[in-house]
Amino acid sequence: NLILFEILLTSMDLKGEVFCLLSYFLYLVLKFWLSFKFFFAFLGAVNNLKCIDPKSNGLPNIDGLLPLLSSTKEKLMITEVLNTIQKIIASNPSAINWDLNQRLINATKHLLLTNSSHLVKSQALVLLSYLAPIASDSSLDSSAALQSVCISIIKILREFSHYFDPRVRCAALESILFLHERGIKLDISLYCEFCEGLSDDYEGCRMASIKLLEVLSHIYRDW
């Protein structure tokens with residue numbers, strides 16, 4: 001039944017607005033009377049769909065999923081919700097406004113502080129790298145607040161690059177690298193973290209650190 005349900009969703013040829021409304025409606029229905037596994041399959045199917053219309057703001061999807069981050073304790077459910085939100089933002093970065101951006105950041109920070117699962121922490125760090133505001137985000141207010149939020153996100157990623165679980169450390173370092181790919185300039189003060197990562201016993205951390213040091217060497221080539 002789960003497989004048939006996912007096939008049905010992924011085979012639908014929906015326009016953006018229709019899909020957003022459908023996903024929000026299904027969220028409300030599934031929340032109250034379907035089992036966790038059924039709903040989990042739905043979220044997985046949403047991740048695989050590529051029919052979000054760029055002209056649609058996509059907010060019904062995110063607003064519908066956001067409450068699940070606080071209403072459930074199941075780590076797989078939370079991880080899938082975070083991943084789904086990330087996919088929506090990646091499909092249409094301009095869809096997110098300042099208010100929603102702040103609510104997502106606050107919810108993600110809360111998960112990092114309260115949830116012990118490495119899956120949740122890793123995905124939360126990845127989502128933060130998508131939520132860091134940059135000047136080209138036309139839907140976000142252009143002010144000093146953008147820089148302040150971005151600095152706070154980098155600080156969080158920096159702290160988790162020292163986390164005891166190597167999978168979380170790797171996610172933090174790779175998220176910092178993604179910030180660079182989005183056009184955010186990395187500060188030279190991060191050099192020590194990246195050098196420390198070269199001796200990490202986890203290969204993913206070492207590889208990410210090498211790439212980050214290369215980034216700094218190009219940014220600060222005159223140092």
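**Entry 1: the whole chain.** I began with a word I would need: a residue is buried when its relative accessible area is under 20%, exposed when over 50%, and partly exposed in between. I also noted that this is a predicted model. By that cut-off, 49% of the 223 residues of the protein count as buried. Next I looked at contacts between residues at least 6 apart in sequence, and 72% of them join residues at least 24 apart.

**Entry 2: helix α12.** How far apart are the end C-alpha atoms of α12? I worked with 1.5 Å a residue, so the 17 residues should span 24 Å; the model gives 25 Å, which agrees. I then looked for the buried residues of α12, and they are Cys205, Ala208, Ser209, Leu212, Leu213, Val215 and Leu216. These residues cover an arc of only 155° around the axis, so they sit on the same side of α12. A reminder to myself: an α-helix has 3.6 residues a turn, so residues three or four places apart point the same way. The cover over the buried residues of α12 includes α10 and α11.

Ile210 is also in α12, which runs over residues 203-219. I wrote down Ile210 as partly exposed because its relative accessibility is 44%. Together with Leu198 and Met207, Ile210 forms a nonpolar patch on the surface, with about 260 Å² of accessible area for the three.

**Entry 3: helix α11.** I picked Glu196, which lies in α11. Its relative accessibility is 46%, so Glu196 counts as partly exposed. From Glu196 to Ser209 I count 13 residues in sequence, and 8.2 Å in space from C-alpha to C-alpha.

**Entry 4: salt bridges.** How many salt bridges does the structure hold? I found five. Asp99 is partly exposed because its relative accessibility is 49%, and Arg103 is partly exposed because its value is 35%.

Then I turned to Arg158 and Glu193, whose side chains meet in a salt bridge at 3.1 Å, N to O. This pair links distant parts of the chain, with Arg158 in α9 and Glu193 in α11, 35 residues apart. Is Glu193 buried or exposed? At 14% relative accessibility, Glu193 counts as buried, while Arg158, at 26%, counts as partly exposed.

My next pair was Asp200 and Arg169, with their closest N and O atoms 2.8 Å apart in a salt bridge. These two also link distant parts of the chain: Asp200 is in the loop between α11 and α12, and Arg169 is in α10, 31 residues away. Both Asp200 and Arg169 are buried. Asp201 joins them in a network of salt bridges.

**Entry 5: a loop serine.** I finished with Ser161, in the loop between α9 (144-160) and α10 (166-181). Its relative accessibility is 11%, so Ser161 counts as buried. Leaving out residues up to four places away in sequence, Ser161 touches Arg169, Ala172, Leu173 and Glu193.

Technical notes
Residues are numbered from 1 along each chain as its sequence is written. This is a predicted model: local features need pLDDT of at least 70, side-chain atom pairs count only at pLDDT 80 or more; totals for chains, interfaces and linings use all residues. Side-chain values use heavy atoms; hydrogens and water are left out. Patches are made of residues with over 30% relative accessible area and no salt bridge: like charges are joined within 9 Å, nonpolar side chains (Val, Leu, Ile, Met, Phe, Trp, Tyr) within 5 Å. Accessible areas come from the Shrake-Rupley method with a 1.4 Å probe; for residues, only the protein chains shown count as cover. A salt bridge is a side-chain nitrogen of Lys or Arg within 4 Å of a carboxyl oxygen of Asp or Glu. Helices (H or I, at least four residues) and strands (E, at least two) are DSSP runs, numbered from the N terminus. Buried means under 20% relative accessible area, exposed over 50%, partly exposed in between (1.4 Å probe, protein chains only). Contact means heavy atoms within 4.5 Å. The expected span of a helix is 1.5 Å times one less than its number of residues. The arc is that of the directions from the helix axis to the C-beta atoms.
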